[in-house]
Amino acid sequence: MNGEAVHAAPRKTGMIILGGGLPKHHICNANMMRNGADYAVFINTAQEFDGSDSGARPDEAVSWGKIRASAKSVKVHCDATIAFPLLVAETFAAKRER
């Protein structure tokens, strides 16, 4: 995964992370090898107050260099089984309208 992120240059990379924990950690770290991701969407129900990696907001990843400071990023506080299908449906609907 680290090699894929590093060799993505000069292309941009983005992350859509459903949930958190170890997969979120490794995906973010792979992008750190190329000075951060250009886009990031975190979808989970974890809260920030307990200090967990799952609950961390995108600005925390910016401070570690996992997301570029100039990146477009958002954290969606919602169950991934609700938010992700809506995100995918809207993406395909927007493409179809063109």
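Four salt bridges are present in this predicted model, a salt bridge being a side-chain nitrogen of Lys or Arg within 4 Å of a carboxyl oxygen of Asp or Glu. Residues are numbered from 1 along each chain as its sequence is written. Because the model is predicted, local features need pLDDT of at least 70 and side-chain atom pairs count only at pLDDT 80 or more, while totals for chains, interfaces and linings use all residues, and side-chain values use heavy atoms, with hydrogens and water left out.

Select Asp38 to begin, and then Arg34, with which Asp38 forms a salt bridge whose closest N and O atoms are 3.4 Å apart. Asp38 counts as buried because its relative accessible area is 13%, where buried means under 20%, exposed over 50% and partly exposed in between (1.4 Å probe, protein chains only).

Arg68 is partly exposed, at 26% relative accessibility.

Move on to Glu48 and Arg57, a salt bridge with its closest N and O atoms 3.3 Å apart. Glu48 is partly exposed at 43% relative accessible area, and Arg57 is likewise partly exposed at 36%.
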